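Q: Could we go through this structure together, starting with the overall picture and then moving to the details?

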Amino acid sequence: MAKNFNVSGTCRSERHYMVDLSSRLKAIKDMVDAGDYFTINRARQYGKTTVLNALADYLKPDYYVISLDFQGLSYADFETEGRFVAAVSRQILLVADDHLSDEVERELIQYTDEPKQGISLSKFFISLTGICKRVSKRIVLLIDEVDSASNNQVFLDFLAQLRFYYLKRSNIVTFQSVILAGVYDVKNLKHRIHPVEESKYNSPWNIAVDFEIDMGFSAKDIVTMLRQYESDWNTGMDVEEISHYLYDYTSGYPYLVSRLCQIMAEGVKEDEPESERLRHWSREALQIAVREILKKPNTLFDDMSKKLADYPKLKEMIYSILFQGKKYVYETENERIRIGEMFGFLKERDGLVSVSNRIFEMKLYNLFLSEEETDTKIFAAAEMEKNQFIRGGYLQMDQVLKKFCEYFEDIYCDADERFIEDNGRRIFLIFLKPIINGSGNYYIESRTRNMKRTDVIIDYKGVQEVLEMKIWHGQEYNKRGENQLLEYLDYYHLQKGYMLSFNFNKNKQIGVKEVGLGEKVLVEAVV
């Protein structure tokens, strides 16, 4: 029997599990009750459609809800006002129930024929106001996938009509509320319009109020969902711990949470003894699920690649954050930041720009590295000799650092200081990737990533290693780095840690050595 993890109400007999949306639905209904017009613009696969579907049911006791989906309209439907009116009329009739009288249905049917000369949006809206007068409840208009429409003039004119009737609502009966959903905020339509047509951009939706309801999953939300699952399957998992790890990796991104849970749940069989089910819901199982989601193609990551290609300045910013540790002050008026946040790639953290979640960060590292690795000598060296770094199924980090020092000196001995400062950490990650590829992954501890220091957490088949990479800035700074690394070893319950320093002193001692610090051992490498 299928075990699905969703964000909406589900049927227990079909083994579907959900995050409780009731508080979000109530908050949105408060906006509807207030007569607000607004947009729910969130990144791809962020649960917008699911929330709209649940909202339609939630509002039905008090409102007549018209739910449209512009993804069901073709390109030709937006070519003229007449075709657009016909297409929208067909959708209204498709979703209509007994709230519509025979008279109203006949009125809409007349618009669905092949558009006749003279049919326009202005005439259609007069009919819509008539419908608003004649139904027994106030009407809420929900439109999903507005991105399908937002690059043409007909849609802008449609928004302008909505705005006109909103401003006249004290004298004209119109919709109680209008809700648009998509990735792009219609206030930012200029991002969807081809440069030669940018003169079409205006502000037909400046009547919209801000939508500030958090649609991501909190750690508490994830706990609620997993408790539903655990009550059915009795795996013995530590629900609080697994929820914590899920949130750490995803920052509550709905698709990522649901997909990781789905991958782990697929391993559990109904005829499997309960004592065996825990292994599918362990920390190690989650790390395997993370590797799987990163390896297999999906529409979310496909869209990420396309957006980075479409917005090279955004790509440049993300690259400098990840590989060079650059800090950008979070400013919503900055074009790159606003676009990156709209796509779900970036967020604000402690006043600075940050990648929105750990899995996105890992995927972005992989994307950037994949563009360079095949033409990089150090990648080829690691690929050719990668078997020497794995013994008995375990990663030999001491050997990884030793060979990296050798290859680095051979390949980059003539590189200048600026090149190494900007690229040293990227070069190590390119070297590491073919060694752990398929059986391991890594992520960067974002709280410590800066121009001087980056901490890497490497996971290989459930075993974790902590490596600090830094630019050498003297013995005192190095000592602080050792102390900070010891704190991480305590956090991860490890006895051994690693440090890689890029040192530009002429009399530096290149190579690898072990340093005993109390009960811990640090392996320090210098290049």
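A: A definition comes first: a residue is buried under 20% relative accessible area, exposed over 50% and partly exposed in between, with a 1.4 Å probe and protein chains only. Of the 527 residues of the protein, 56% count as buried. This is a predicted model, in which local features need pLDDT of at least 70, side-chain atom pairs count only at pLDDT 80 or more, and totals for chains, interfaces and linings use all residues. Residues are numbered from 1 along each chain as its sequence is written, and side-chain values use heavy atoms, with hydrogens and water left out.

Q: How many helices and strands are there in the protein?
A: The protein has 19 helices and 16 strands. Helices (H or I, at least four residues) and strands (E, at least two) are DSSP runs, numbered from the N terminus.

Q: What share of the contacts comes from residues 24 or more positions apart?
A: Among contacts in the protein with a separation of 6 or more, 70% are accounted for by residues 24 or more positions apart. Contact means heavy atoms within 4.5 Å.

Q: What is the strand order in the open sheet of 6 strands?
A: The order is E11-E12-E13-E14-E16-E15, and the pairing is mixed. Two strands pair if DSSP finds at least two bridges between them.

Q: Which strands stand at the edges?
A: Strand E11 (440–445) and strand E15 (511–517) do; each has a single partner strand, so one side of each is left without a neighbour in the sheet. On average, neighbouring strands of this sheet are turned by 25° against each other, direction ignored.

Q: In which sense, parallel or antiparallel, do E15 and E16 pair?
A: E15 and strand E16 (residues 520–526) pair in the antiparallel sense, over 7 bridges. Within that pair, Leu517 stands opposite Lys520 in E16.

Q: Which helix packs on the sheet?
A: Helix H11 (residues 283–295) packs there, touching E11, strand E12 (453–460) and strand E13 (463–471). The direction of H11 makes about 95° with that of E11. For such angles, axes are lines fitted to C-alpha atoms, for helices over the stretch in contact, and angles run from 0 to 180 degrees between N-to-C directions.

Q: Changing topic, is strand E6 buried or exposed?
A: Strand E6 (residues 177–182) is mostly covered, with 6 of its 6 residues buried. Both faces are covered: Ser177, Ile179 and Ala181 lie on one side, and Val178, Leu180 and Gly182 on the other.

Q: Which residues stand opposite those of E6?
A: Phe38 stands opposite Ile179, and Ile143 stands opposite Leu180. Strand E3 (residues 37–41) pairs with E6 in the parallel sense over 5 bridges. Strand E5 (residues 139–144) also runs parallel to E6, joined to it by 4 bridges.

Q: What about H18: how far apart are its end C-alpha atoms?
A: They are 29 Å apart, which agrees with the 28 Å that the 20 residues of helix H18 (residues 417–436) should span at 1.5 Å a residue. The expected span of a helix is 1.5 Å times one less than its number of residues.

Q: Where does H18 bend?
A: H18 bends by about 55° at Asn423. The bend at a residue is the angle between axes fitted to the seven residues ending there and the seven starting there. Of the 20 residues of H18, 15 are buried, so the helix is largely enclosed by the rest of the structure. Just after H18, Gly438 takes a positive phi of about 95°.

Q: What does Ile436 touch?
A: Not counting residues up to four places away in sequence, Ile436 touches Leu395, Asn441, Tyr442 and Tyr460. Ile436 is found in helix H18 and is buried, with a relative accessible area of 2%. Ile436 and Tyr460 are 24 residues apart in sequence and 6.8 Å apart in space, C-alpha to C-alpha.

Q: Which residues other than glycine have a positive phi?
A: Asn234, at about 50°, is one of them, and Ser251, near 55°, is another. Most residues other than glycine have a negative phi. Asn234 is in the loop between helix H7 (219–233) and helix H8 (239–250), and at 35% relative accessibility Asn234 counts as partly exposed. Ser251 is in the loop between H8 and helix H9 (254–266).
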